[in-house]
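Open the model in your viewer and keep the selection tool ready. The stops below go residue by residue, then out to the whole chain.

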Amino acid sequence: MAATSEQTATACEEVSASSNIQLRAIQSVEEASETLTDIIDKLADTVNRFKV
């Protein structure tokens with residue numbers, strides 16, 4: 001029984017660690033998306049200034 005509890009605890013820790021890694025990856029994608037959105041807006045403003 002103790003071995004099963006230990007295996008369960010280990011599995012839970014692994015799932016938690018994997019979830020944390022995935023969350024950090026999602027947050028990184030979110031930050032990159034926000035940065036790209038800002039760059040796109042600035043580029044659009046720049047292009048609009050030079051339109052004839």
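Select Glu13. This residue sits in helix α1. Keep in mind that the model is predicted. Is Glu13 buried or exposed? Its relative accessibility is 57%. The cut-off for exposed is over 50%, so Glu13 counts as exposed.

Next, select Ile40. Helix α1, residues 2-50, holds this residue too. Ile40 counts as exposed because its relative accessibility is 54%. Together with Ile40, they make a nonpolar patch on the surface. The accessible area of the three comes to about 300 Å².

Move to the acidic side chains. Select Glu30, Glu31, Glu34, Asp38, Asp41 and Asp45. These residues form a negative surface patch. One of them, Asp45, is located in helix α1.

Colour by charge next. How many positive and negative side chains does the protein have? There are 4 positive and 9 negative ones. The centres of the two sets are 18 Å apart.

Now zoom out and switch to cartoon. The protein has one helix and zero strands. Along the principal axes, the C-alpha atoms fill a box of roughly 80 × 10 × 5 Å. The radius of gyration is 23 Å, whereas a compact globule of 52 residues would have one near 10 Å.

Finish with the surface view. What share of the 52 residues is buried? The figure is 0%. Buried would require under 20% relative accessible area. The total accessible surface is about 4,800 Å². Carbon and sulfur atoms account for 60% of that area.

Notes
Residues numbered from 1 in each chain as written. Predicted model: local features only at pLDDT ≥ 70, side-chain atom pairs only at ≥ 80, totals over all residues. Heavy atoms only, no water. Patch = residues over 30% accessible without salt bridge, like charges linked within 9 Å, V, L, I, M, F, W, Y side chains within 5 Å. Areas by Shrake-Rupley, 256 points an atom, 1.4 Å probe, with all protein chains shown as cover. Salt bridge = Lys/Arg side-chain N within 4 Å of Asp/Glu carboxyl O. Helix = DSSP H or I, 4+ residues; strand = E, 2+ residues; numbered from the N terminus. Buried < 20%, exposed > 50% of the residue type's maximum accessible area, 1.4 Å probe, protein only. Rg over C-alpha atoms; globule rule 2.2 N^0.38 Å. Lys, Arg positive; Asp, Glu negative; His and termini not counted. Charge placed at Lys NZ, Arg CZ, Asp CG, Glu CD.
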